[in-house]
Amino acid sequence: MDVLRKFADKDHRVLELVYKENYPSVLHYILKNSGDENDAKDIFQEALLATWLNVAEGRFTPQSGSSLGGYIFQIARFKWLDKLKSTSHRSVMRIVSNDIPHTAESDTDMELRHIQEARIAEMEVMYQNLGEKCKAILSRFYYEKKSLTEIGAELDCDPDTLRTLKYRCMMQLRKMADVKKADNLKQNEF
Amino acid sequence: MNSERDTSINDFERIEAFLTGHMNEADRVQFELEIRNDPAFAEKVTMQQEMLRTVELGAMREKFEKIHQVQIGKSGKPSQSKIWYAIAAGFALLIVSGIWWQSQPNEFQALLANHLTTDPGLPVPMSAQAEGEYVFFDAMVDYKMEDYELAIEKWNKLLSSSPKNDTLQYYIGAALFNQGKYAGSLSYFEEVLENERSTFRYKSQWYIVLASLAGENKAKIDAVKPLPGSPFTGQINTIQSQIQD
């Protein structure tokens with residue numbers, strides 16, 4: 001289906017559509033279960049990112065728009081349940097637990113989801129730690145798929161220099177990932 | 001691990017072409033063979049793919065924020081907390097207006113704001129250069145990334161062995177200027193201006209005027225005589241006439 005292919009390809013209008021159509025149900029669910037609008041926004045965006053990543057990497061192939069919506073909602077729901085179980089929401093949990101529908105997530109699925117969530121969180125931190133200039137170049141090149149000439153015109157920079165800057169920015173990310181990997185290995189040794 | 005030494009720019013761009021689907025069939029077959037036969041290379045490809053995903057994901061999150069503001073933010077009813085925020089914002093606006101009224105920029109600052117420009121730096125060549133040139137352009141990349149402190153540190157090391165190098169003097173001055181260290185930048189620009197063979201004289205003179213505006217030094221601005229043929233003559237004359245008023 002064309003829309004789903006465009007979703008995997010990060011088409012802005014399709015992302016807008018998916019966002020607009022699926023946010024209200026997540027908002028409704030979270031407001032009903034002790035959350036507020038900010039919780040709903042965070043949880044929904046994280047669920048949408050996870051869904052996109054799973055589609056892009058072939059772990060989930062939606063058959064229709066509604067199955068995509070159902071998948072986003074499920075991820076959002078599981079994430080919200082995790083949050084309610086966390087320390088800060090434990091007191092609230094007792095009050096609302098009866099309202100929360102029974103979850104059908106297996107231990108394996110939950111473990112995989114948590115691994116994926118940790119990966120996404122690390123990626124987001126690394127991206128945030130890049131300088132604004134790097135973000136401007138990399139997002140235009142890899143996300144918006146603009147050419148170096150187009151980016152050069154927007155950022156007042158010649159394409160050859162941009163080529164070097166793009167490489168340098170990606171190596172900064174790589175360095176952050178190397179450090180993170182080394183930290184994780186150290187932690188696993190203990 | 002030094003990531004840049006670990007993956008050269010040529011390797012990086014080959015991997016990028018593979019990951020983004022910009023590799024022709026024959027090259028792709030060869031590339032896939034390399035991945036199968038060389039685990040270290042395969043690891044590089046995996047790492048680069050992860051970096052690519054990181055950018056896609058980070059950029060997507062930023063887009064979500066915009067989509068939320070446009071699609072959701074506009075339609076929602078203001079919550080109680082939003083109403084309180086609005087009231088607080090109203091008070092804040094009143095206070096800020098008061099401060100603004102008292103801190104109107106004087107004519108020097110207003111002129112500086114109107115004429116302020118940032119030198120974009122020199123294009124960075126892709127080919128390998130001699131050691132000194134490599135350090136210079138490496139610092140130029142830092143300059144372009146707005147890491148002025150690091151660029152100055154690298155250029156200063158080069159300047160200690162070539163103290164009369166006008167390119168170094170000019171760009172150290174420009175980096176200081178871009179950091180708002182106007183007084184500190186002046187001596188570098190002045191030295192370049194003294195060098196009659198320098199191609200950076202026009203720009204140096206222009207930045208001397210701007211740095212003097214920042215320092216509100218009317219006498220110094222008045223004393224500037226635009227260099228013959230300077231593309232900044234018109235702007236310098238305008239500034240000089242405006243500070244007379």
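In chain A of this predicted model, 61% of the contacts between residues at least 6 apart in sequence join residues at least 24 apart. The chain holds nine helices and zero strands, so that its elements, read from the N terminus on, follow the order α-α-α-α-α-α-α-α-α. Of the 190 residues that make up chain A, 29% count as buried.

The contact between the two chains draws on 44 residues from chain A and 34 residues from chain B. On the side of chain B that touches chain A, at least two residues are supplied by each of α1 (3-6), α2 (9-19), α4 (39-73) and α7 (131-144) of chain B, and the largest share, 19 residues, is contributed by α4(B). By class, the residues on this side of chain B comprise 20 nonpolar, six polar and eight charged.

Two of the helices that supply this side, α2(B) and α4(B), also pack against each other, at an angle of about 65° and with their axes 10 Å apart. Because angles of 65 to 115 degrees count as roughly perpendicular, α2(B) is described as roughly perpendicular to α4(B), and the crossing in which α2(B) passes α4(B) is right-handed. Within this packing, α2(B) contributes Asp11(B), Ile15(B) and Leu19(B), which meet Lys44(B), Val45(B), Gln48(B), Gln49(B) and Leu52(B) of α4(B). The contact of α2(B) with α4(B) thus has four nonpolar, two polar and two charged residues when these are sorted by class.

Conventions. Residues are numbered from 1 along each chain as its sequence is written. Chains are lettered from A and ligands numbered from 1 in the order in which they are written. This is a predicted model: local features need pLDDT of at least 70, side-chain atom pairs count only at pLDDT 80 or more; totals for chains, interfaces and linings use all residues. Two residues are in contact if their C-beta atoms, placed from the backbone, lie within 7 Å. Helices (H or I, at least four residues) and strands (E, at least two) are DSSP runs, numbered from the N terminus. Axes are lines fitted to C-alpha atoms, for helices over the stretch in contact, and angles run from 0 to 180 degrees between N-to-C directions. Angles under 35 degrees count as roughly parallel, over 145 as roughly antiparallel, 65 to 115 as roughly perpendicular and the rest as oblique. A crossing is left-handed if the near helix is turned anticlockwise from the far one by less than a right angle, and right-handed if clockwise. A residue is buried if 20 or more other C-beta atoms lie within 10 Å of its own, exposed if 12 or fewer, and partly exposed in between; C-beta atoms are placed from the backbone.
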